[in-house]
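Here is a short briefing on a protein structure. Please look over the sequence and the model first, then read on.

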Amino acid sequence: MLRKLHKYWYLFWKFRELAGMHLLEYRADFWFWTGISVMWTVFNYFFFGLILHVSGGIGSWSQWEVYLFLSVFTIIDSFTWSVMYVNMWHYTNSVFTGKLSHLLLKPVDLQFLLMTQKNSYNNVPRFLLGVVGIVYSLKQLNLSLNLGDILLASLALFGGMMIIYNLWFMMATVSFWVERLNNINDIVPGFRRIWQFPQEAYLHAGPVVSGLLVPITIVTTIPSEVLLGRAHISSWVLLIFLTGATTWMARLLLSYSVARYSATGDG
Amino acid sequence: MGNRVLAIIRQHSLHDFTYRGEKILWIILNLAPVLVMFFVWQTIYQGQTLIAGYSFHDTIRFYYLVALISGTTQVHFEGWRTEQVRNGMIDFYLLRPLPFWLEIFFADLARALLSTFLLVPFLGFTGLLINNTWQVSVLPSNELQMMGFVGILLVAYLLNFMLGFWIVLASFWLEGAQGLEHFKWISLSLFGGSLVPFQMLPDWLAGLISWLPFKYMYLVPVEFYLGNYQWQAIDSLYITGILIFMASISIYFWQAAVRKYSSSGG
């Protein structure tokens, strides 16, 4: 077991190293897309600035609490584009072209390969801007964090990202059944606006809409609430349940889909 | 000429129709953020009837119209056309008895017409939803206003096309021209007046927007539809001048681009 874990640990960092080598080879590309990513991040803060300029807050969330929330979203967004998008793009592409056969032959867990083998470093500044945003917002709110709070918030953030990643993975797995749907990987990021706002923003939307949207918003709401020191135990239960449930469902769907997979040639 | 144009429109319409599932998905993905904004603003408006002189109903209409305008006037050819140029895959277009830029225009027009056709039921459903949920009517007040609105949408589409074509032109010189598409989206959102209603913008941005031609892409059509904007002769003169200017720049750089272009292999 320990030997197996060591192998996966080694592979995980080997993939990161390869991505680093890719970065060094295409330096201009890296700087260009980093610039674009920073531009979008600044744009997001500006958009929220416009809303807060006239509203002063969203529901019971004050201006700086909303900025803290947006910073949490920014961190998640950096992983969305740097890790999730590139991996899911390669995943669906390998299904459409039949290149998945190569991955199936490797003595490594397929889901691990599909979810970790690619990444880019273009969104590192976006991540750092998110961290700076959190620190600055906390300062404005006169709040301080201890190590335990930071660990808990990181855990909640990880859980939230896992939920998004698992949902995306399930969506990408649909590519085993559908053709002519090249934008299948745009579905999850296309709905990002939902978790760009706190849960409370949807509480007046009626039972059906809020029932649908509120569970999704926990991915950003709970980490933000942990940072603000007001997370309830029920939120944690929901987060843990959804992380576990989506992980299990993603794995189940992959096993079922791979069983019916067929390809000829090498794509 | 007419037959060639019809052939391009037919060919691209058939291609796009083959990928209709993808098209419908794009429509849903474009509408989803707008629907989210309805609920967010509903929460923001709790306990107040006006924000910067704008009611909740006006805000709903604003975002609905932004979705309508985006869905009908935005162009999406920059990405794959720049790739064609960068990969040296436009040789055969240059040998055809129809200029490449006209090919781009009519191909995108075919896409825009199909997108609009597919968008109508979704917008109709959203309009009904809005009407049932918040008792907000999104219908125009009269036919004349509707016709004027369609005319402004055509202007918005032409402006969008020109900007998209400039990005394609840039790909003859710049390796990362594809990324300029992001710059275009941000600029249009910021200076077109599609982020929040005009009255809610800070003075410096509102002033800037009213000077720039991007306002004809969102701000003017929205305000015209809502009956808050009177189209005047100066608007026609200004926008004609802008379009002629943009077309002249495009022609100049297109000629330079064709002279610069080279490719080998297949």
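Is F172(B) buried or exposed? F172(B) is buried, at a relative accessible area of 8%. Buried here means under 20% relative accessible area, exposed means over 50%, and partly exposed lies in between (1.4 Å probe, protein chains only).

This is a predicted model: local features need pLDDT of at least 70, side-chain atom pairs count only at pLDDT 80 or more, and totals for chains, interfaces and linings use all residues. Residues are numbered from 1 along each chain as its sequence is written, chains are lettered from A and ligands numbered from 1 in the order in which they are written, and side-chain values use heavy atoms, with hydrogens and water left out.

**Interface of chain A and chain B**

- Contact joins 34 residues of chain A to 37 residues of chain B; the term means heavy atoms within 4.5 Å.
- The size of an interface is often given as the accessible area lost when the parts come together.
- Here the buried area is about 3200 Å², and carbon and sulfur atoms give 80% of that. Buried area is the accessible area (1.4 Å probe) that two parts lose on being put together, summed over both.
- Zero salt bridges are counted between chain A and chain B. A salt bridge is a side-chain nitrogen of Lys or Arg within 4 Å of a carboxyl oxygen of Asp or Glu.
- Four residue pairs are in polar contact across this interface, both residues at pLDDT 80 or more. A polar contact is a pair of N or O atoms within 3.5 Å; within protein, one must be able to donate a hydrogen and the other to accept it, and residues adjacent in sequence count only if both atoms are side-chain atoms.
- On the side of chain A that touches chain B, the elements giving two or more residues are α2 (27–55), β1 (57–58), α8 (187–190) and α9 (207–228) of chain A. Helices (H or I, at least four residues) and strands (E, at least two) are DSSP runs, numbered from the N terminus.
- The element that gives the most to this side is α2(A), with 13 residues.
- By class, this side of chain A has 22 nonpolar, eight polar and four charged residues. Ala, Val, Leu, Ile, Met, Phe, Trp, Tyr, Cys and Pro count as nonpolar, Asp, Glu, Lys and Arg as charged, and the others, Gly among them, as polar.

**Salt bridges**

- Over all chains, the structure holds 11 salt bridges.
- K14(A) bridges to E17(A), with the closest N and O atoms 3.5 Å apart. Both sit in helix α1 (residues 2–25) of chain A; they are three residues apart, so about one helical turn separates them.
- K14(A) is partly exposed at 31% relative accessibility. E17(A) is partly exposed too, at 43%.
- K23(B) bridges to D16(B), the closest N and O atoms being 4.0 Å apart. K23(B) is buried at 15% relative accessibility, and D16(B) is buried at 12%.
- R81(B) and E103(B) meet in a salt bridge at 2.9 Å, N to O. This pair links distant parts of the chain, 22 residues apart: R81(B) is in helix α4 (residues 78–86) and E103(B) in helix α6 (residues 100–134) of chain B.
- R81(B) is buried, with a relative accessible area of 1%. E103(B) is buried at 3%.
- In chain A, salt bridges link D77(A), R126(A) and R192(A) in a network.

**Aromatic pairs**

- The count is 43 aromatic pairs over all chains. Rings of Phe, Tyr and Trp (its six-membered ring) pair if their centres lie within 6.5 Å; planes under 30 degrees apart count as stacked, over 60 as edge-to-face and the rest as tilted.
- F105(B) and Y157(B) form a tilted pair, 6.3 Å centre to centre with 50 degrees between the planes. F105(B) lies in helix α6 and Y157(B) in helix α7 (residues 143–170) of chain B, so the pair ties together parts 52 residues apart in sequence.
- F105(B) is buried at 18% relative accessibility, and Y157(B) is buried at 6%.
- F172(B) and W254(B) have ring centres 6.1 Å apart and planes at 80 degrees, so this pair is edge-to-face. F172(B) is in the loop between α7 and α8 (180–192) of chain B, and W254(B) is in helix α11 (residues 233–260), 82 residues apart.
- W254(B) is buried, with a relative accessible area of 12%.
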